[in-house]
Amino acid sequence: MNCEDKKTKKKTSSDTATTEAKKNDSIKNNKRDHKKLTTKNAMYFFQDYDKKHKENKVRIYTDFGNIDILLYDETKYHRSNFIFLTKQKYFNDTQFYRVIDNFVIQGGNSDDTKTRNKRNKIGVYLLPPDTKRGFKHNRGAISMPSSEIEDPYKLASPYEFFIVTQKGGAHFLDGDYTVFGHVTSGMDVADKISRVETDEADWPNKNVFIRKVEIIE
C-alpha cells in the first residue's frame, strides 16, 4: 500500500466516525420524550403531566372559522390529555368526521393514514370516565366519546372529542361521557359545521378539516 492509499484510508475512517457521531446525535435528539402510552400507564403519565402543564385554553382552526375552548382543571386527566395531544400536533389536519345537526359535531379522527400513524406513534390507550364533577352536556360543552371497543365502563377514546350544539343541551348524555371543557367563543362556527350535508353515517359529504389546534393560554 503506497502513501496515497494510506491517506485515503485514514480519511475514509475519519469520515465514517463523523457520520456515526452525527447519526448518534440525531437519534439522541429525536428520542421520544415520553413512553409509548397504553391504557395501563396513561393515568400515571397524565397525573404527572398535569403537575407540569397547566394550560387550559385552546383554539381550533377550521375553514369555517375558529373555536376557542376552556378546559376544566377539575377533569385533570382529560384536560392534560387534550393539552398533550395538542402539543404533539396530533389534531392538526384531522377532521370533524361525525356531524349531526342540532346535536353534536365530533372531531379528532380522519380517514388519512397519517392520523393512524400519529396514533401508533403516541400509543394506544383509553381513559376512564370522570363524570362526577358536576359538569353537564350543556350547549357548547366539549366531551369525550366512548371507545368503539365494547366495555361496561364507558372508557373514553382520548384522540376524539365532541362539541354539543343542541339547543338546550344534550343532558341524556350526562353520567356516561366526560365533559371536560366548554366553548368560550365560536359557537357560530360550530353551528355552521353542524349544518353541513352528510351521508347516512353522519360523515360530511365534503371533509371539514381541523387545520390545527394550538394553546392560547
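Contact is taken here to mean heavy atoms within 4.5 Å. By this criterion, residues 24 or more positions apart account for 75% of the contacts in the protein with a separation of 6 or more. The structure is a predicted model, in which local features need pLDDT of at least 70 and side-chain atom pairs count only at pLDDT 80 or more, while totals for chains, interfaces and linings use all residues. Residues are numbered from 1 along each chain as its sequence is written, and side-chain values use heavy atoms, with hydrogens and water left out.

The pLDDT, the predictor's confidence in each residue on a scale from 0 to 100, has a mean of 87 for the protein, and 81% of the residues reach 70 or more. Over residues 1-14 the pLDDT is below 50, and this stretch has one contact in the model beyond near neighbours in sequence. Residues 21-32 also have a pLDDT below 50, with two contacts beyond near neighbours in sequence.

Five helices and 10 strands make up the secondary structure of the protein; helices (H or I, at least four residues) and strands (E, at least two) are DSSP runs, numbered from the N terminus. Of the 217 residues, 42% count as buried, where buried denotes under 20% relative accessible area, exposed over 50%, and partly exposed in between (1.4 Å probe, protein chains only). The protein exposes about 12700 Å², of which carbon and sulfur atoms supply 48%; accessible areas come from the Shrake-Rupley method with a 1.4 Å probe, and for residues only the protein chains shown count as cover.

A nonpolar core is defined as a set of buried Ala, Val, Leu, Ile, Met, Phe, Trp, Tyr and Cys residues joined through side-chain atoms within 4.5 Å. The largest such core has 39 residues, and those with the most contacts inside it are Phe46, Ile69, Phe82, Phe96, Tyr125 and Phe161. Helix α3 (residues 76-87) contributes the largest share of this core, five residues. Apart from this core lies another, of 10 residues, among them Phe103, Ala141, Tyr177 and Val179. In soluble globular proteins, nonpolar side chains tend to be buried together. When neighbours within four places in sequence are left aside, the contacts of Phe46 are Leu37, Tyr77, Ser80, Asn81, Phe84, Tyr125 and Leu127.

Alanine 190 is located in helix α5 (residues 187-194) and counts as buried because its relative accessibility is 0%. Beyond neighbours within four places in sequence, alanine 190 is in contact with Ile67, Ile105 and Thr165. The C-alpha atom of alanine 190 is separated by 8.4 Å from that of phenylalanine 64, although the two residues are 126 residues apart along the chain. Aspartate 68 belongs to strand β3 (residues 65-71) and counts as buried because its relative accessibility is 13%. With neighbours within four places in sequence again set aside, aspartate 68 is in contact with Val58, Arg59, His182, Val183, Thr184, Ser185 and Ile216.

The loop between α3 and β4 (94-100) includes lysine 89, a residue that has a positive phi of about 60° although it is not a glycine. Lysine 89 is exposed because its relative accessible area is 55%. Aspartate 93 lies in the loop between α3 and β4 and has a positive phi of about 70°, again without being a glycine. At 45% relative accessibility, aspartate 93 counts as partly exposed.
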